[in-house]
Amino acid sequence: MNMQSVNCNRCGAPLEVASSSNYVTCNHCSTQLKIRRTESTAFTEQLDQLESNQGEMLEKLDRLERQSRLATLERDWDKQEQDFMVTDKNGVKKLPTEGNAIFGMIFVVAFGIFWITMTSRFSPPMALFGVLFIAFGIFGSLRVRNKAGELRRARRRYQQQRREIMEQD
């Protein structure tokens with residue numbers, strides 16, 4: 001059996017260990033040691049110090065994992081939010097709101113009634129345009145209102161998932 005000389009990492013006492021050993025207890029201070037080897041040397045390291053370092057590393061790893069999951073959630077939410085965008089009359093993309101949808105519906109109905117009132121005396125077929133305008137306007141407003149409701153529900157899910165990630169220990 002080949003023996004190797006190392007010193008205790010805590011008290012410095014010389015120790016003789018088998019070259020195949022990975023752990024030793026110091027005969028002088030009773031410290032439990034792990035034997036570390038490189039190509040040219042061997043040395044000892046206290047096990048409780050290793051466990052402490054391991055605990056810190058696990059905490060950092062948990063924090064990094066949480067940050068990674070949070071970053072992935074944020075990226076996915078940004079993509080999903082883009083899918084909810086609607087284009088306004090000026091060609092600007094924005095997120096829909098239920099309030100804007102209702103306002104749009106009121107405006108369309110009011111304009112359609114005004115159109116029907118003004119054209120029905122002179123050209124009844126032109127009044128039909130007002131009816132179609134109201135129908136398409138209501139349909140479009142309901143579509144935007146539904147999309148705004150879906151956005152609100154998706155945002156709640158995203159916020160709940162974000163809270164769960166942030167609260168994990």
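User: Which element gives the largest share of the lining of the largest pocket?

Analyst: H2 does, with six residues. Helix H2 covers 98-120, and a helix here is a DSSP run of H or I with at least four residues, numbered from the N terminus. This is a predicted model, where local features need pLDDT of at least 70 and side-chain atom pairs need 80 or more, while totals for chains, interfaces and linings use all residues. Residues are numbered from 1 along each chain as its sequence is written, and side-chain values use heavy atoms, leaving out hydrogens and water.

User: What makes something a pocket, and what makes a residue part of its lining?

Analyst: On a 1 Å grid over the protein atoms alone, a pocket is an open set of points where a 1.4 Å probe fits, with protein on both sides within 12 Å along at least five of seven lines; a lining residue has an atom within 4 Å of a point. Here 18 residues line the largest pocket, with Asn100 and Gly104 among those nearest its centre.

User: Why is the Glu74 and Arg162 contact called a salt bridge?

Analyst: The rule wants a side-chain nitrogen of Lys or Arg within 4 Å of a carboxyl oxygen of Asp or Glu. The closest N and O atoms are 2.6 Å apart, so the pair counts. Glu74 sits in helix H1 and Arg162 in helix H3, so the bridge ties together parts 88 residues apart in sequence.

User: Is Glu74 buried, exposed or in between?

Analyst: Its relative accessibility is 23%. Buried means under 20% and exposed over 50% (1.4 Å probe, protein chains only), so Glu74 is partly exposed.

Conventions. Helices (H or I, at least four residues) and strands (E, at least two) are DSSP runs, numbered from the N terminus.
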